[in-house]
Amino acid sequence: MEPDVARQMFDTDELVINMGPQHPATHGVLRVVLKLDGEKVVDADVVIGYLHRGVEKLSENRDFTQIVLLTDRLDYVASAAANLAYVETVEKLLSLEVPRRAKYLRTILAELQRLASHLVWLGSHAMDIGAVTVFLYCLRERELILDLFEEFCGARLTYNSMRIGGLPQDLPPGWDRKALQFCDIQIEKLAEYETLLTHNRIWLERTRNIGVISAADAVAVGLCGPPLRGSGVARDVRKDEPYAAYAEMEFDVPVGTRGDTYDRYLVRLEEMRQSVRIIRQAIGGLPEGPVMGKVPRLIKPPAGETYHANESPKGELGFFIASDGKSTSPYRLRVRPPSFCNLQALPRLVRGHLVADVIALIGTIDIVLGEVDR
Amino acid sequence: MIDLLVIPLIKIVIVLTGVLITVMYLVLLERKVQAWVQVRLGPMRVGPHGVLQPIADVLKLFIKEDVTPVRADKFVFTLAPIIVLVPAIIAFAVIPFGSTVSIFGKPVPLYVADINVGLLYVVAVASIGVYGIILAGWSSNSKYPLLGGLRSSAQLISYELAVTLTFVSVILASGSLSMVDIVTAQRANGVWFAFVQPVSLFVYFVGGLAETNRAPFDLPEAEQELVAGFHTEYSGMRFALFFLAEYANMIVVSAVATTLFFGGWLAPFPTVPFLRVLGYVPGWMWFVVKTFLVLYVFLWIRATLPRYRYDQLMRLGWKILIPLAIANVIVTAVVKVALSY
């Protein structure tokens, strides 16, 4: 029977389901309006804005130094990455020179943060697909990273860990040794996650050929970060436009071949290994010296505007700052959040898949609503 | 009078209480096993190492408000959990917990009933539970429960076929449908059917996981996808009934596995001379130990595996398990006929 004939004979209706904003698997307050044909997703509409706090507007009434702690609240599972992107943008605007030691330490912190963020991603992604144990294993290692951050800056989630011109303080004694110990543990535990997932038949069936997006489409839709690299585009801001101390680090940019959920999983796992590699190099070659550069007491950039991007764990995190040259706060601050840009691809990824895959796909693009809504 | 009424009634009361208490503590065991696998401690606050946790849980469910959605079909909504729970419990009627023992000189068999179609009874009773799930999903008058209910009905029906086919091969091997006879056939054979029918055991176990909605087949209640599946709208004691039924079903599946494949109440290694001392342990204890070992595998799997997707689960059921079970039945039949010549 022709499908059209069937549709005429049997009155079928699309079922509209609201997934979220209160749904256990939408990673916060994301709302996805799904149109279902049976269990098949015909269309998806992403509704955002439930966590909008007006960070960009707030910034216009804050000093440049005060904005660092607003950036903590963007991607709250990777606040050091946002701290770094913001302070570097302001430094670029001021043409400030940052001491080499501070650059190295920033690199270490950013990579630890990448590990922590990827651990949260892996844990929640695996839990969405039903492997609860992986989640707890991941949080176990993340805890160690949080301990390191706590020792460095006193906070465990919203670190406020960077300052314009450098870092608030040098490392506590013995911190570098602990970080290296953590690296050893992390490498060992990565193998443990892989035992549970990488060759697991169910995991493969749930992620292989799910949410395939070609390299051209990925670029067209504006994907960035691991989802883009999963499609085979070797774009990594750390390599292409090095910031902090990345120019002096040796690391590979893993890329996928098929652009499916499994490839994005492999890319992120490999990135975690590369992060460990970078941390080891940076601690090994850590230069001596101050951690704070010469910064004017009143930060009042000259009139002008600038954009600077970092490779945050989620993708390309950019800050655009316009200064009118008269005030100590930005005339306009705009965040280019990777989660937001990646979320655009969701309707495209889920079309034609089943409801259960929507969960896997929300997981695979790795969003944090704090960053999407700002 | 005593034989006809009092003894069976006492037995029913004992089995019922036993099942309910086992369910309570199975929940605790599950939480503990999960916790140990996941480098946690599990419940620790209520009583030493959380041993009183089940009591607290039940108490909580008792005093919770029992909400009925305004637009739900109230009669069916109340009926559904009962339909789910009752079959799960009455299936225990034919499970032989042990052989006949003598109490005050009176021979008392350690099962409620030994009917000659025991296995058929288990299959029949187990299928009734599906109605409860569909009705629960439908009567809630809400989208998530409806999808959850539909999923589970499809799932249960497809896996029931495979499970029933494994029963056929066991019946061929034992020559009887009575649960007691199946155990005694294993004693006569000198070897448990797990070793005679490994394929059956595998298919039965996978099918059993699916039929009890356990991981990796716990789709009807995939909390990440369908919130809580068919029982999303349930709360309080009515929710507790579903919960009870799920765990009671797990115990049924394990108990049937023990009976069919692991020699029921028989002691292991009857032929090894220095292990013959194991035979002095009462049969029902062996039964309990074996059942809990099977249950442990359930919990272990839940802590290890991700979840199948709906269509993959259907494919596994129809394209792998059922053909495997059919082939196994044919092979068993051919071997049996060949051996009888």
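Predicted model: local features only at pLDDT ≥ 70, side-chain atom pairs only at ≥ 80, totals over all residues.

Biologist: Noted. Where is Asp366(A) found?

Modeller: Asp366(A) sits in the loop between helix H15 (355–365) and helix H16 (369–373) of chain A. Its phi is positive, about 55 degrees, although Asp366(A) is not a glycine.

Biologist: Why flag that?

Modeller: Because most residues other than glycine have a negative phi.

Biologist: And is Asp366(A) buried or exposed?

Modeller: Buried: its relative accessibility is 5%, and the cut-off for buried is under 20%.

Biologist: What about Ala244(A), what is its phi?

Modeller: Positive again, about 40 degrees, and Ala244(A) is not a glycine either. Ala244(A) lies in the loop between helix H11 (237–240) and H12 of chain A. With 15% relative accessibility, Ala244(A) counts as buried too.

Biologist: Switching to strands. What is the order in the open sheet of 3 strands?

Modeller: S4-S5-S6 in chain A, with antiparallel pairing. Strand S4 (304–312) and strand S6 (332–336) of chain A are the edges; each has a single partner strand, so one side of each has no neighbour in the sheet. On average, neighbouring strands are turned by 10 degrees against each other, direction ignored.

Biologist: How many bridges join S4(A) to strand S5?

Modeller: 9, with S5 covering residues 315–323 of chain A. One bridge partner to look at is Gly315(A) in S5(A), which goes with Ser312(A).

Biologist: Which helix lies across S4, S5 and S6 of chain A?

Modeller: Helix H4 (residues 79–94) of chain A, running at about 150 degrees to S4(A).

Biologist: OK, the inside. Which residues touch the most other members of the largest nonpolar core?

Modeller: That core has 78 residues, and the ones touching the most other members are Tyr86(A), Ile108(A), Leu112(A), Leu122(A), Ile164(A), Trp175(A) and Leu197(A). Elements giving two or more residues to this core include H4, helix H6 (132–153), helix H7 (175–197), S5 and S6 of chain A. The largest share, 12 residues, comes from H5(A).

Biologist: What is Leu197(A) in contact with, leaving aside neighbours within four places in sequence?

Modeller: Leu122(A), Ala126(A), Ala131(A), Val134(A), Trp203(A), Tyr265(A) and, from chain B, Pro306(B). A second, separate core of 60 residues includes Ala194(B), Ala210(B), Leu260(B) and Phe261(B).

Biologist: Last stop, Thr259(B). Where is Thr259(B) found?

Modeller: In helix H10 (residues 236–261) of chain B. Thr259(B) is buried, at 0% relative accessible area. Not counting residues up to four places away in sequence, Thr259(B) touches several residues, among them Ile95(B), Met179(B), Gln186(B) and Phe287(B).

Biologist: Which residues are buried in H11(B)?

Modeller: Phe287(B) is one of them, and so are others including Trp286(B), Lys290(B) and Leu295(B).

Notes: Residues numbered from 1 in each chain as written. Chains lettered and ligands numbered in written order. Heavy atoms only, no water. Pairing = 2+ DSSP bridges. Helix = DSSP H or I, 4+ residues; strand = E, 2+ residues; numbered from the N terminus. Axes fitted to C-alpha atoms, helices over the stretch in contact; angles between N-to-C directions. Contact = heavy atoms within 4.5 Å. Core = buried A, V, L, I, M, F, W, Y, C linked by side-chain atoms within 4.5 Å. Buried < 20%, exposed > 50% of the residue type's maximum accessible area, 1.4 Å probe, protein only.
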